[in-house]
Number of protein chains: 2
Amino acid sequence: MNQDDGRNLRHKARMERKKALIDAKIAEADTDTGILLVLTGNGKGKSSSAFGMVARALGHGMKVGVVQFIKSRTDTGEEGFFSRLPGVEWHVMGDGFTWDTQNREQDIATANAAWETASRMLADPSFDLVVLDEMTYVMKYGYVQARRILDDLLARPEMQHVVVTGRGAPPELLDIADTVTDMQPVKHAFHSGVRAQKGVEW
Amino acid sequence: MNQDDGRNLRHKARMERKKALIDAKIAEADTDTGILLVLTGNGKGKSSSAFGMVARALGHGMKVGVVQFIKSRTDTGEEGFFSRLPGVEWHVMGDGFTWDTQNREQDIATANAAWETASRMLADPSFDLVVLDEMTYVMKYGYVQARRILDDLLARPEMQHVVVTGRGAPPELLDIADTVTDMQPVKHAFHSGVRAQKGVEW
């Protein structure tokens, strides 16, 4: 037996053990349910990840609702791409970040109007996936009552998936979430003087 | 002046200061360039984030290439959704994870065939965005020579964006990346017995 054959055999034995472990774990996970997924942290990728799931869901013929809580521009790639497709209801309901509007009362009114739309989707079992993009901010700043948000999320149809994105997700939202990813920025091109690139950031 | 008015005024002053700071930062970032973005870590959201950027790019009329290095199934939502669209070239070139194949030589051959396709896209300026999904594994395990991968990435057209996904991105890949997000799992439904859900995980 030459050296390469030995390496390949050891590789095979190691991978057989790994496969047995992973197969056992997969066999244990046999429940189907609607998932509440929270994508938070300061790193790049939260909203784009939600939009990737929109594509996945549409690929399976599912119906999708999207509410963008902060964004006010309607020239984004995601909106241009998805909003004209069948199976998607897309709402850009923000007014920009609170330092853009500088008007707290207006922000509260805007946020609550957006929540009305979200709330309707969360009560409608025809939506298989609901994306609440940048929703953490309206919860964190208290623009929409946390109790109202949590109640609507908890009372949603059993098989409905929800994805919430945004920095600084409040602990009470993390508590009721099924899956939470904290996206940590290791580095960001912006800090090297590169502005937000079309197709990547918007 | 009542209490609420005072609160709103303080809010406005605070947000004016914040806006000035952020506007200054944005003014400094004035370069346009192709970005190499690496999405790594064990948390959920890496591939879906890449696919969200595919949607963004298509929304701007850009041309996109995707190579999936590990995935072998072609019933995923993302593939079903994107692969039939104009402006996308989509290749599912994997054979499953290495513990599924258990055959190191076969994995090496599969990985190098996938890199051939990636390499062609990275040399073609007509691609505005190239997604190398789960590519970190073939680099980490040494299935494709790291030098070859790095050279092709560095030599790509100036305005071409590349997104690489996968756990355990090697340091030499992070070194040449412009933006890196480390996706940390805070919790995952899988560990509560929920299997991979259609539209969310695939």
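1. Basis of comparison. Copies are superposed by least squares on the C-alpha atoms of residues with pLDDT of at least 70 in both, where pLDDT is the predictor's confidence in each residue, from 0 to 100. On that basis, a rotation of 180° with 0.0 Å of shift along its axis places chain B on chain A, with an RMSD of 0.0 Å. This is the relation of a two-fold axis.

2. The model is predicted: local features need pLDDT of at least 70, side-chain atom pairs count only at pLDDT 80 or more, and totals for chains, interfaces and linings use all residues. Residues are numbered from 1 along each chain as its sequence is written, chains are lettered from A and ligands numbered from 1 in the order in which they are written, and side-chain values use heavy atoms, with hydrogens and water left out.

3. Confidence. The average pLDDT of chain A is 92, and 100% of its residues score at least 70. For the complex, the predictor gives an ipTM of 0.87 and a pTM of 0.89. As a rule of reading, where pLDDT is low, the predicted coordinates should not be read in detail.

4. The interface between the chains. Chain B brings 82 residues to the contact and chain A brings 82 residues, contact being defined as heavy atoms within 4.5 Å. The same surface serves both copies, since 100% of the contact residues of chain B recur in chain A. About 7,000 Å² is buried between chain B and chain A, and carbon and sulfur atoms give 58% of that area. Buried area here is the accessible area (1.4 Å probe) that two parts lose on being put together, summed over both.

5. The nonpolar core. Which residues touch the most other members of the largest nonpolar core? They are A:F82 and B:F82, in a core of 48 residues. A nonpolar core is a set of buried Ala, Val, Leu, Ile, Met, Phe, Trp, Tyr and Cys residues joined through side-chain atoms within 4.5 Å. Buried means under 20% relative accessible area, exposed over 50%, and partly exposed in between (1.4 Å probe, protein chains only). With its neighbours within four places in sequence left aside, B:F82 is in contact with A:A55 and A:F81 of chain A, and with B:F51, B:V54, B:A55, B:L58, B:V88 and B:W90 of chain B.

6. Salt bridges across the interface. A salt bridge is a side-chain nitrogen of Lys or Arg within 4 Å of a carboxyl oxygen of Asp or Glu. A search of the whole structure finds 16 of them over all chains, and the count between chain B and chain A is 4. In one salt bridge, B:R195 pairs with A:D32, and their closest N and O atoms are 2.9 Å apart. This pair crosses between chains, from B:R195 in the segment after β6 (179–187) of chain B to A:D32 in the loop between α1 and β1 (36–40) of chain A. B:R195 counts as partly exposed because its relative accessibility is 39%, and A:D32 is partly exposed at 36%. Another salt bridge joins the side chains of B:R56 and A:E78 at 2.8 Å, N to O.

7. Helices (H or I, at least four residues) and strands (E, at least two) are DSSP runs, numbered from the N terminus. In chain A, the side chains of A:D23 and A:K19 form a salt bridge of 2.8 Å, N to O. Both residues lie in helix α1 (residues 3–28) of chain A, 4 residues apart, about one turn of the helix. A:D23 is partly exposed at 35% relative accessibility, and A:K19 is partly exposed at 25%. In chain B, B:K12 and B:E16 meet in a salt bridge of 3.3 Å, N to O. They also lie 4 residues apart in helix α1 (residues 3–28) of chain B, about one turn of the helix. B:K12 counts as partly exposed at 35% relative accessibility, as does B:E16 at 40%.

8. An exposed residue. A:R17 is also found in helix α1 of chain A. Its relative accessible area is 55%, so A:R17 is exposed. A:R17 and A:R167 are 150 residues apart in sequence and 39 Å apart in space, C-alpha to C-alpha.

9. A backbone feature. A:E134 has a positive phi of about 60° although it is not a glycine. A:E134 lies in the loop between β4 (129–133) and α6 (136–140) of chain A, and is buried at 11% relative accessibility. In chain B, the phi of B:E134 is near 60°, a positive value in a residue other than glycine. B:E134 counts as buried because its relative accessibility is 11%.
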